[in-house]
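Here are my notes on the model. Please read them with the structure open.

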Amino acid sequence: MTDAAADNTATTSNTSVDLAADRARLLELIKEQAVVHGRVMLSSGKQADYYVDLRRISLSGEAAPLVGRVMRELTKQLDFDAVGGLTLGADPVATSMLHAAAAAGDRLDAFVVRKQGKAHGLQQRIEGPSIKGRRVLVVEDTTTTGASPTDAVQAARDEGAEVVAVATIVDRATGAQQVIEDGLGVPYLSAFSLEDVGLA
C-alpha cells in the first residue's frame, strides 16, 4: 500500500469513528435533555405520556454541531443545495447543517418557511436565498403527523423548488412516513427512532 493510500484509509477510518462518536453523543444528549415524561398535548391535538423537546438539543451549544454533522451524514446520498422547513422546529436544524457544511468546506444554503406569508414588505412565505429552480431538503426536529413538513414541502414547491426528501432528527412512529412518502412522493429519513431514544 502506498503512503497516499494509507493516508486515505486512515482518514476514512477516522471520519467513520468521528461520525459514530457524534451520533452516540447526540443520542445520549437527547435521552438526557430532550425527553420529558408526563401527560402532554401535542400540536396534532393528540395526548402523549412524554414529550421530545428537540429544541433543547438543536439550540444547545454542544448538541447543535452534532445535529449538523449527523443530519449531513443521514442525507449524504442526496443531491441538494439548500435546506429548511417550517419555522420554528426546522430553523436550528437547517442552520446547524449549513454550518456543518461550511466547516467541511462545502456550500449549503438555508431557508425558513413562515407559517403564513408576511402582510408587509416583500410578503414572502419563504425567507433566505431564493430556492426557485433548486433542489432542496426539508427538515424538522421531531415528526409526529407529518403536517409541518407537508406544509413546508408544498410551500417550497409553490416557490419553484424541487424537494428531494424530508429528514427529521427523531421520528415518533405515528404515521408521518406514510403521509410524506405516499402523500408527497418524496423519501422520508430519520436519524433516530423511538426505540433509539428508549421510548418504545
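How do the axes of α5 and α6 cross, and within what distance do they come? Point 2 takes this up.

1. Ground rules. This is a predicted model, in which local features need pLDDT of at least 70, side-chain atom pairs count only at pLDDT 80 or more, and totals for chains, interfaces and linings use all residues. Residues are numbered from 1 along each chain as its sequence is written, and side-chain values use heavy atoms, with hydrogens and water left out. Helices (H or I, at least four residues) and strands (E, at least two) are DSSP runs, numbered from the N terminus.

2. The α5/α6 pair. The axes of α5 and α6 come within 10 Å and cross at roughly 25 degrees. Axes here are lines fitted to C-alpha atoms, for helices over the stretch in contact; angles run from 0 to 180 degrees between N-to-C directions. α5 and α6 are therefore roughly parallel to each other. The angle classes are: under 35 degrees roughly parallel, over 145 roughly antiparallel, 65 to 115 roughly perpendicular, and the rest oblique. The crossing of α5 and α6 is right-handed, meaning that the near helix is turned clockwise from the far one by less than a right angle.

3. Who touches whom there. From α5, the contact (heavy atoms within 4.5 Å) uses Pro 149, Thr 150, Val 153 and Arg 157; from α6, Val 179, Ile 180 and Leu 184. By class, the α5 contact with α6 has five nonpolar residues, one polar and one charged. Ala, Val, Leu, Ile, Met, Phe, Trp, Tyr, Cys and Pro count as nonpolar, Asp, Glu, Lys and Arg as charged, and the others, Gly among them, as polar.

4. The sheet. Six strands form an open sheet with mixed pairing, in the order β5-β4-β3-β6-β7-β8. Two strands pair if DSSP finds at least two bridges between them. β5 (126-127) and β8 (188-192) are the edge strands, each pairing on one side only. β3 (residues 82-86) and β6 (residues 135-143) pair in the parallel sense over three bridges. Ala 82 stands opposite Val 136 in β6.

5. Helices on the sheet. α5 (residues 147-158) packs on the sheet and touches β3, β4 (109-113), β5, β6 and β7 (162-171); its direction makes about 165 degrees with that of β6. α6 (residues 176-184) lies across β6, β7 and β8, at about 150 degrees to β8.

6. The axes of α3 (residues 63-74) and α4 (residues 90-103) come within 7 Å and cross at roughly 80 degrees. That makes α3 roughly perpendicular to α4. Their contact residues divide into seven nonpolar, two polar and two charged. Among them are Val 67 and Met 71 of α3, and Val 93 and Met 97 of α4.

7. Annotated positions. An unreviewed UniProt entry lists Thr 144 and Arg 172 under "binding site". They span 29 residues in sequence, yet no two of their C-alpha atoms are more than 5.4 Å apart, so they gather at one spot. Thr 144 sits in the loop between β6 and α5. UniProt positions follow the numbering used here, feature names are shortened, and annotations may be inferred rather than shown by experiment.

8. Backbone to check. Most residues other than glycine have a negative phi, and most peptide bonds are trans. Thr 87 and Leu 88 are joined by a cis peptide bond, with omega about 25 degrees. Leu 88 is in the loop between β3 and α4. Ala 173 has a positive phi, near 55 degrees, and is in the loop between β7 and α6.
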